[in-house]
Amino acid sequence: MFDNKKNSLLITFAIIIFLFFLISSTILGNSQSTVDNLPPMTVVATFEGGKISLGEVAREWNDFSDKYETKLEALNHLINVELIVKKAQEWGLDEDEEVQNRIKTDTEQIQQEATEKIKNSTEQILIRSLIKQEIDDRLMKITEEEVAWYYKENKKEFYVQDMYSLQEIVVETEEEAKAILKEIKAGDDFTLLAQEKSGGLTAKKGGYLGFVTTEGAKLFGYDNFEEIASALKAEEVSKIIKTENGYCLLKLLEIKPAYQETLEKTKGFIERKINRERRENAYNEWLDNLKEQAQIQVSFNLDEITEESLSSKSPEIVLVSFRGGEITLGEFNKSWGDLDNKNKYKTKEKLLENMLKERILVQRAREIGLEKDKEAASQIKAVIEEVKREEEEKIKISTQQALTDAATKVEIYDKVKLSEEEITEYYEENKEKFIKDEEYHLRHILVETQEEAEAILEKIRGGADFAELAKEKSLCPSGEKGGDLGFIARGRTVKPFEDAGFALKVGEISEVVKTEFGYHIIKLEEISPERQRTLEEAKVEIEYILLPEKQQDAFTKWLLSLKDEYNVQVKEELLR
């Protein structure tokens with residue numbers, strides 16, 4: 001962890017940049033605040049050459065509310081950003097080649113993402129508009145006769161079974177259940193006992209299961225609920241019931257008798273169901289017709305593509321072509337690389353099928369001029385405006401971040417160092433923290449079965465070289481190094497391995513040792529005794545401990561100095 005000084009210092013720099021977002025509102029004050037119904041353009045803070053409005057604070061608070069405890073902290077962050085960016089520009093860091101390259105790279109990525117988002121959103125609007133126009137708007141209205149006929153033919157569907165309001169207590173042993181039942185019979189409250197002693201998922205709710213049917217009760221593990229229910233009256237507690245969840249007690253609170261739901265009450269449900277089925281049938285028939293017209297040609301078998309080979313084949317390979325378009329491997333690979341798509345479609349075939357369907361639908365929507373449809377055009381315009389607003393905001397934040405990183409590097413990272421005296425002083429005062437534990441230099445051979453291990457051990461005792469056998473037989477990656485695991489301190493490996501290895505004398509070989517990984521033969525090469533680490537050995541670790549704190553202090557003082565330099569004025573009362 002502390003072997004690479006450069007990495008350690010980079011980590012401290014990262015910590016300082018992170019602290020930039022966490023400097024508390026002590027710079028401005030600590031009062032809890034809320035934004036009143038004031039105009040968004042109301043100015044809440046001013047500084048030399050700039051100001052921050054209430055609307056900006058509200059947007060920061062809404063976008064990152066989990067980062068701040070108060071709106072004053074959100075304002076404080078916005079002020080910090082503005083001041084550091086202003087100082088960076090004064091230093092000419094906005095002209096720095098490295099900073100410009102970073103801004104350019106980030107901007108291009110943000111613009112690309114925005115373009116992709118507009119494209120995807122536009123296509124989804126067109127698809128929805130197309131389906132509405134060619135399916136939904138053409139569906140025949142469902143008649144009263146159709147609803148009545150459905151109700152008559154499917155009366156069983158609207159028969160509501162007996163509903164039982166229940167509480168339960170679930171415990172692991174029959175003895176526990178007997179003891180609780182005895183307490184209930186003595187007058188103790190079932191709800192309190194459930195909260196206190198039940199191990200079921202309903203314990204926090206006093207064991208309350210709600211109203212359930214016989215079938216519903218089976219979902220909670222009560223397979224023979226018909227018999228249980230028939231033996232209970234309201235407010236009675238059952239005998240002990242053994243289920244796969246444990247030993248249970250049920251209390252019947254209330255029974256709602258079975259009844260037949262009326263046509264009037266089921267009308268809305270029936271209409272929605274008939275409409276859904278009718279729409280689904282019409283949609284499938286229509287889509288099949290569109291696919292037939294599209295003259296789809298499958299050019300490449302997806303079964304031939306593995307996860308490993310997806311990126312190795314030419315992105316220009318055409319997977320599927322259709323009238324007026326095609327889907328290439330590059331396009332598919334991009335979609336398959338999206339985790340949301342993998343989770344949604346599960347297989348490459350289903351994803352490709354959906355991509356093809358959407359391409360055909362979008363093409364159809366454009367062919368009939370839906371992009372010019374008033375409603376669709378309005379939705380597309382709104383999406384473009386929103387995405388462009390987000391794009392501008394992201395580019396602004398990204399540019400500010402590049403400048404704040406650069407300025408913080410110049411003022412903090414490049415300037416704030418630890419002196420040799422500080423490092424030495426910490427080492428002398430904390431020597432006990434830098435004691436190197438006793439370590440054992442071990443080799444091992446790992447195999448799957450005890451028989452294999454016994455055979456290898458016999459060869460070693462017959463004079464075979466341990467390292468060579470490890471290279472040949474061991475399943476552990478260390479086998480390539482002759483089974484060498486290096487120096488290991490106590491507590492760093494599984495207990496059976498540690499107990500056997502650390503009990504050896506130098507040069508000794510263990511018996512066969514079984515662990516969760518398999519069967520081991522262990523050899524102890526040498527022991528490194530506990531010792532005090534030298535100052536030089538502890539130096540990087542000390543820097544890792546002390547430098548972030550020193551940089552944090554410097555960073556806080558720098559922000560305070562910028563506040564004074566640019567004459568920051570805050571109207572805290574507007575945030576209360």
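A residue counts as partly exposed when its relative accessible area lies between the buried range, under 20%, and the exposed range, over 50%. This report applies that scale to a predicted model.

**Salt bridges**

Side chains of opposite charge can pair when their charged atoms come close. The count of salt bridges comes to 37. In one of them, Arg102 meets Asp405 with an N to O distance of 2.7 Å. This pair links distant parts of the chain, since Arg102 belongs to helix α4 (residues 97-134) and Asp405 to helix α14 (residues 374-413), 303 residues apart. Arg102 has 32% relative accessibility and therefore counts as partly exposed. Asp405, at 12%, is buried.

Another salt bridge joins Asp136 and Arg279. Asp136 sits in the loop between α4 and α5 (144-153) and Arg279 in helix α10, so the bridge ties together parts that are 143 residues apart in sequence. Asp136 is partly exposed, with a relative accessible area of 30%, and Arg279 is partly exposed at 31%.

Glu537 and Arg531 also form a salt bridge. Glu537 is partly exposed at 35% relative accessibility, as is Arg531 at 33%.

| Pair | N to O distance |
|---|---|
| Arg102 and Asp405 | 2.7 Å |
| Asp136 and Arg279 | 2.5 Å |
| Glu537 and Arg531 | 2.9 Å |

One of its members, Glu452, lies in helix α16 (residues 450-461). Glu452 has 39% relative accessibility, so this residue counts as partly exposed.

**The two sides of helix α7**

In helix α7 (residues 190-197), the buried residues are Phe190, Leu193 and Ala194. They fall on the same side of α7 because they cover an arc of only 100° around the axis. The face turned away from that buried side carries Leu192 and Glu196, which are exposed.

**Positive phi angles**

Most residues other than glycine have a negative phi. Gln295 is not a glycine, yet has a positive phi of about 55°. Gln295 is placed in the loop between α10 (263-294) and β9 (297-298), and is exposed with a relative accessible area of 53%.

Lys346, also not a glycine, has a positive phi of about 70°. The loop that holds Lys346 runs between α12 (339-345) and α13 (348-367). Lys346 has a relative accessible area of 60% and is therefore exposed.

Notes. Residues numbered from 1 in each chain as written. Predicted model: local features only at pLDDT ≥ 70, side-chain atom pairs only at ≥ 80, totals over all residues. Heavy atoms only, no water. Helix = DSSP H or I, 4+ residues; strand = E, 2+ residues; numbered from the N terminus. Buried < 20%, exposed > 50% of the residue type's maximum accessible area, 1.4 Å probe, protein only. Arc of directions from axis to C-beta. Salt bridge = Lys/Arg side-chain N within 4 Å of Asp/Glu carboxyl O.
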